[in-house]
Amino acid sequence: MDDTSKLLLQRLVRRIPTQMLKATLDKWGRLTVEQRQAMDFTQSKWALTQKLLSVCEENKLTLTHLAELEMIHAMENPNQGMWYTFQLLEPENDAQSVELTQFKQQFKCHLSELLRQMSVKIKKHTDEAVWIRIALGSSFSKPNHLKPTYVVHYLQTPYVFVRNLTSKLKPLLSQALTLATRHQGVKEANLSGRNLTSIRDLLMRQYQQVFPTKYRSPPEEEDQPVLNQHIEKEQGGVAAHRRHMAHQAFGDGMLPQLQSAVYMLDTKFRDPNNRTMTEREETFKCVVKFSSIDLLESLRSCASSGIASAPVTPLLSSIPLKGRNYFVVTDNTPGPSSQGHQTQN
């Protein structure tokens with residue numbers, strides 16, 4: 001085994017939790033039953049790494065085999081790293097008839113014609129997703145298996161999810177995807193996140209979004225003294241209205257997990273106390289970013305609790321409705337007196 005193979009294996013063992021390592025090695029299938037039974041998973045990660053290095057050298061496993069192991073781990077743990085979404089455009093008449101074998105052959109063929117030094121592996125996941133691992137090289141270097149790009153595509157859909165995409169690979173990948181899927185083009189879908197399942201469900205409308213039809217009654221609290229029934233009734237009505245507005249914007253039930261929403265503002269500056277900035281002909285440009293472990297649930301909770309004003313602004317409620325978390329906001333009309341704005345697609 002060369003140094004790159006050893007380094008990749010060391011990284012994999014460190015990354016995979018010990019309790020998951022045995023199952024991952026079983027799915028890999030590159031070790032014999034006796035070799036797997038001889039592994040002591042109560043040992044330290046360093047000892048496990050040394051044992052695996054010895055077994056892999058004994059089996060004469062190569063960097064390509066270790067890339068398979070990494071791909072198995074990536075498919076079983078998709079919520080690692082940042083995923084970006086793309087949408088295929090203008091499908092041809094036979095786009096719906098593309099099947100896995102045909103896609104694999106044509107994708108590899110088109111990509112190899114564009115770049116010689118690369119390694120491509122394609123596997124189909126149990127949820128029908130086609131996973132692609134691409135290690136890119138150059139004219140003077142071998143494929144870099146330490147920094148692969150992952151692509152996930154569901155056949156017969158226009159959506160593609162990509163992780164670790166480099167500027168060099170982006171145009172090549174776009175061309176190979178459009179040719180292999182029988183489309184005319186591809187564009188960014190302006191949606192990103194660390195939870196692949198969530199952004200997939202959001203983009204492909206695979207989660208149920210139920211909206212209320214009437215105000216909800218405030219929860220009844222037992223054994224609580226009623227100091228003033230009129231005050232309690234008024235406060236309860238306000239709380240119910242806030243909850244109704246929040247659920248009207250984001251729906252009921254579980255929401256897809258997003259970590260951020262970005263708004264690129266390209267608008268006129270408005271401040272009656274700052275005429276210098278307000279009367280400028282140039283637009284005011286800035287970036288507003290909302291971040292949270294679970295952004296949509298946080299926004300819904302803020303609106304329900306009264307932390308944020310209701311009704312919820314369309315700039316925020318558009319995230320689940322449009323399946324996006326990146327927006328460009330501009331003025332409808334020029335001039336410092338304009339109060340309208342629009343969100344560009």
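Me: Which residues of helix 1 and helix 4 meet?

Reply: Start with two ideas: contact means heavy atoms within 4.5 Å, and helices (H or I, at least four residues) and strands (E, at least two) are DSSP runs, numbered from the N terminus. Here K6, L9, Q10, V13 and R14 of helix 1 touch K45, L48, T49, L52, L53, C56 and E57 of helix 4. Sorted by class, that contact holds 6 nonpolar, 2 polar and 4 charged residues. For the classes, Ala, Val, Leu, Ile, Met, Phe, Trp, Tyr, Cys and Pro count as nonpolar, Asp, Glu, Lys and Arg as charged, and the others, Gly among them, as polar.

Do keep in mind that this is a predicted model, in which local features need pLDDT of at least 70 and side-chain atom pairs count only at pLDDT 80 or more, while totals for chains, interfaces and linings use all residues. Residues are numbered from 1 along each chain as its sequence is written, and side-chain values use heavy atoms, with hydrogens and water left out.

Me: At what angle do the axes of helix 1 and helix 4 cross?

Reply: Axes are lines fitted to C-alpha atoms, for helices over the stretch in contact, and angles run from 0 to 180 degrees between N-to-C directions. The axes of helix 1 (residues 3–15) and helix 4 cross at roughly 140° and come within 10 Å. The two helices are therefore oblique to each other. Angles under 35 degrees count as roughly parallel, over 145 as roughly antiparallel, 65 to 115 as roughly perpendicular and the rest as oblique.

Me: Is the crossing of helix 1 and helix 4 left-handed or right-handed?

Reply: A crossing is left-handed if the near helix is turned anticlockwise from the far one by less than a right angle, and right-handed if clockwise. Helix 1 passes helix 4 in a right-handed crossing.

Me: And how does helix 2 pack with helix 4?

Reply: The axes of helix 2 (residues 18–28) and helix 4 (residues 45–58) come within 12 Å, crossing at roughly 10°. That makes helix 2 roughly parallel to helix 4. This crossing is right-handed. T18, L21, L25 and W28 of helix 2 meet K45, L48, L52 and C56 of helix 4, a contact with 6 nonpolar, 1 polar and 1 charged residues.

Me: What about helix 11 and helix 12?

Reply: Helix 11 (residues 295–305) and helix 12 (residues 314–322) pack at about 140°, their axes 11 Å apart. Helix 11 passes helix 12 in a left-handed crossing. L295, L296 and L299 of helix 11 make the contact with L316, I319 and P320 of helix 12; these are 6 nonpolar residues, with no polar and no charged ones.

Me: How many cavities does a search of the whole structure find?

Reply: On a 1 Å grid over the protein atoms alone, a cavity is a set of points where a 1.4 Å probe fits but cannot get out, and lining residues have an atom within 4 Å of a point. Grid points are joined across faces, edges and corners, and a volume is the space filled by probe spheres set on the points. The search finds 2 cavities of 30 Å³ or more. The largest has about 50 Å³ of space, and its lining includes F86, V160 and K170. Helix 7 gives the largest share of that lining, 4 residues.

Terms used: 1 Å grid on protein atoms, 1.4 Å probe; cavity = no way out; pocket = protein on both sides within 12 Å on 5 of 7 lines; lining within 4 Å.
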